[in-house]
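Subject: Handing over a structure

Dear colleague,

I am passing on a structure for you to look through, and my notes on it follow below. Please read them with the sequence and the structure open.

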Amino acid sequence: MAADKTTRAVLADLVTELTRAGLTPDDLSNAELVLAEVLNNIAEHAYGKATGPVELRVDLLRAGLGCTISDQGHPLPAGVVPDPDLPLIAPPDHLPEGGFGWHIIRCLTTDLRYARDGDWNRLSLRIPWAD
């Protein structure tokens, strides 16, 4: 279910399992950051005040982590992954609280794809191994 407490618990369990799988601290950090952004976007935007199912699949691949995240919330606007402008930072010491999520996701992933499949949103991506 999409909710803050559930998101934190899922991410903690995932980090534990990926640590057991031997991921480096950089790879763990990237995975946790990307998946936290995706799951928070689902909770905040796809479901809003409601809750609903979220499926997360993570595969260890030669080229990185392959991830598929599915939910039954509202579809992405225009049916495409957002590519918004960066939020205005003025002056530089006053960072806005939000608006960086999709930039973070885009910078740390490859093969980013979105599709609406019946009632399901499906986002797939790859988080390449850190160099």
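Cys 107 has a relative accessible area of 68% and is therefore exposed, where exposed means over 50% relative accessible area, buried under 20% and partly exposed in between, with a 1.4 Å probe and protein chains only. Cys 67, by contrast, is buried, at 2% relative accessibility. With a disulfide taken as a pair of cysteine sulfur atoms within 2.5 Å, the count of disulfides comes to zero.

Before going further, please keep in mind that this is a predicted model, in which local features need pLDDT of at least 70 and side-chain atom pairs count only at pLDDT 80 or more, while totals for chains, interfaces and linings use all residues. Residues are numbered from 1 along each chain as its sequence is written, and side-chain values use heavy atoms, with hydrogens and water left out.

As for the overall layout, the protein has three helices and four strands, which follow one another from the N terminus as α-α-β-β-α-β-β; helices (H or I, at least four residues) and strands (E, at least two) are DSSP runs, numbered from the N terminus. Of its 131 residues, 32% count as buried. The accessible surface, by the Shrake-Rupley method with a 1.4 Å probe and, for residues, only the protein chains shown counting as cover, comes to about 8100 Å², and 54% of this belongs to carbon and sulfur atoms. If contact means heavy atoms within 4.5 Å, then 61% of the contacts with a separation of 6 or more are between residues 24 or more positions apart.

Which residues touch the most other members of the largest nonpolar core? They are Val 38, Ile 69 and Leu 125, in a core of 25 residues, a nonpolar core being a set of buried Ala, Val, Leu, Ile, Met, Phe, Trp, Tyr and Cys residues joined through side-chain atoms within 4.5 Å. At least two residues of this core come from each of helix H1 (4-20), helix H2 (25-46), strand E2 (64-71), helix H3 (101-108) and strand E4 (120-128), and H2 gives the largest share, with nine residues.

Leu 125, in strand E4, is buried, with 4% relative accessible area. Leaving aside neighbours within four places in sequence, the contacts of Leu 125 include Val 34, Val 38, Cys 67 and Ile 69. With residues up to four places away again not counted, Ile 69 touches Leu 35, Val 38, Leu 39 and Ile 42, among others, as well as Leu 125.

Strand E2 also holds Ser 70, which is buried at 3% relative accessibility. Its side chain is joined to that of Arg 122 by a polar contact of 2.9 Å, that is, a pair of N or O atoms within 3.5 Å, of which, within protein, one must be able to donate a hydrogen and the other to accept it, and residues adjacent in sequence count only if both atoms are side-chain atoms.

Turning to the helices, H2 has 22 residues and spans 30 Å from its first C-alpha to its last, close to the 32 Å expected at 1.5 Å a residue, where the expected span is 1.5 Å times one less than the number of residues. Just after H2, Gly 48 takes a positive phi of about 60°. Ala 12, in helix H1, is partly exposed at 41% relative accessibility, and its C-alpha lies 8.7 Å from that of Glu 32, 20 residues apart in sequence.

With best wishes
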